[in-house]
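Here are my notes on this one, written as numbered points. Keep the structure open beside you as you read.

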Amino acid sequence: MSIGIAFKGPEGIVLAADSRVTLNAQGQNPQGQVFVLPATFDNATKLLRIKSENKKYKYVGAITYGAGSIGTVQAARTAHSFLPEFEATLPDERPTVEDFAAQLSAFFMAWWADAGMPNPAPPGADMVFLVGGYDSDDAAYGRVFELFIPSRPVPHETLPGNQFGATWGGQGQIASRLVMGYDPAASAVARDFLHSPVQVAVGQPDPLDEELKAKLGARIPWQFLPLQDCVDLSIFLVRATITMQKWIVDVRGVGGAVDVASITRTDGFKYIQQKEIVGEVTR
């Protein structure tokens with residue numbers, strides 16, 4: 001499940017993700033009843049950096065959430081494990097953020113098909129990427145794109161132009177309650193209770209969602225936040241989700257270390273905090 005956050009601020013892009021992967025295995029008791037056994041692993045890498053020798057790709061990065069791997073259980077591979085093959089396909093010239101997102105999408109769509117993964121995927125079973133970065137050295141602001149493998153492979157810009165804020169996905173209910181002031185499911189629950197079905201065109205926002213966001217959302221001046229505040233808020237939302245899940249009866253799909261990086265037009269991709277592989281610690 002996981003949670004991933006891409007923050008577009010006036011001074012740069014912040015990418016943040018947890019490190020938990022959840023695998024569900026089916027079992028059967030002596031009475032023949034099938035049950036699911038969830039297992040979690042807390043050292044996955046979901047923050048993706050391109051290690052290009054010519055430094056053309058230092059101004060882009062990505063995070064992933066949703067489906068944790070591609071392939072069968074016996075030959076499953078995480079998105080991070082594909083990076084060497086992906087890097088080998090990249091052209092030498094510096095890409096725009098949208099071009100890079102399209103390259104990432106085409107690469108993983110091909111692997112998804114080759115592995116015989118379901119298409120269309122069941123609801124919530126997409127491998128999702130949030131891609132952020134800068135188009136050029138003189139670009140005033142960064143850009144963030146979202147893409148879903150295999151359901152919506154065409155990159156969609158989440159905050160175009162001079163819009164700023166955070167985009168998140170995965171188990172984002174707690175983050176939504178903190179920032180937007182309501183759970184994403186609240187509108188549907190209210191409409192069911194009031195027997196008032198939504199009457200808007202496909203692809204258009206529910207006016208009830210817009211009203212809740214306007215009246216209940218946290219009053220954060222996104223356009224004024226320095227890069228440090230963008231980092232702090234991103235970590236807070238991931239950490240709050242991890243902490244809250246300790247006490248709730250639900251899928252505890254967010255956990256482990258919080259990996260964070262910033263991307264600016266001057267310094268490019270820079271790790272803010274990153275888990276390390278360590279040996280046994282003795283005291």
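**Notes on a sheet and some salt bridges**

1. E6 covers residues 60–66, runs antiparallel to E5, and is joined to E5 by 2 bridges. That is enough to count, as two strands pair if DSSP finds at least two bridges between them.

2. Before going on, a word on where this comes from. This is a predicted model, where local features need pLDDT of at least 70, side-chain atom pairs count only at pLDDT 80 or more, and totals for chains, interfaces and linings use all residues. Residues are numbered from 1 along each chain as its sequence is written, and side-chain values use heavy atoms, leaving out hydrogens and water.

3. Now the whole sheet: it is open, with 5 strands in the order E5-E6-E7-E8-E9 and antiparallel pairing. Which strands sit at the edges? They are E5 and strand E9 (152–157), each of which pairs on one side only. Helix H2 (residues 97–114) packs on this sheet and touches E6, strand E7 (127–133), strand E8 (143–149) and E9. Touching means contact, that is, heavy atoms within 4.5 Å.

4. On to the salt bridges, of which a search of the whole structure finds 10. The term means a side-chain nitrogen of Lys or Arg within 4 Å of a carboxyl oxygen of Asp or Glu. One of them joins Arg20 and Asp42, at 2.6 Å from N to O. Arg20 is in the loop between strands E2 (12–17) and E3 (21–28), and Asp42 is in the loop between E4 (34–41) and E5 (47–48), so this pair links distant parts of the chain, 22 residues apart.

5. Is Arg20 buried or exposed? Buried, at a relative accessible area of 15%, while Asp42 is partly exposed at 27%. (Buried is under 20% relative accessible area, exposed is over 50%, and partly exposed is in between, using a 1.4 Å probe and protein chains only.)

6. Lys275 and Asp259 make another salt bridge, with their closest N and O atoms 2.4 Å apart. Asp259 belongs to strand E11 (residues 259–264) and Lys275 to the segment after strand E12 (268–273), so the bridge ties together parts 16 residues apart in sequence. Asp259 is buried at 3% relative accessibility, whereas Lys275 is partly exposed at 21%.

Methods
Helices (H or I, at least four residues) and strands (E, at least two) are DSSP runs, numbered from the N terminus. Axes are lines fitted to C-alpha atoms, for helices over the stretch in contact, and angles run from 0 to 180 degrees between N-to-C directions.
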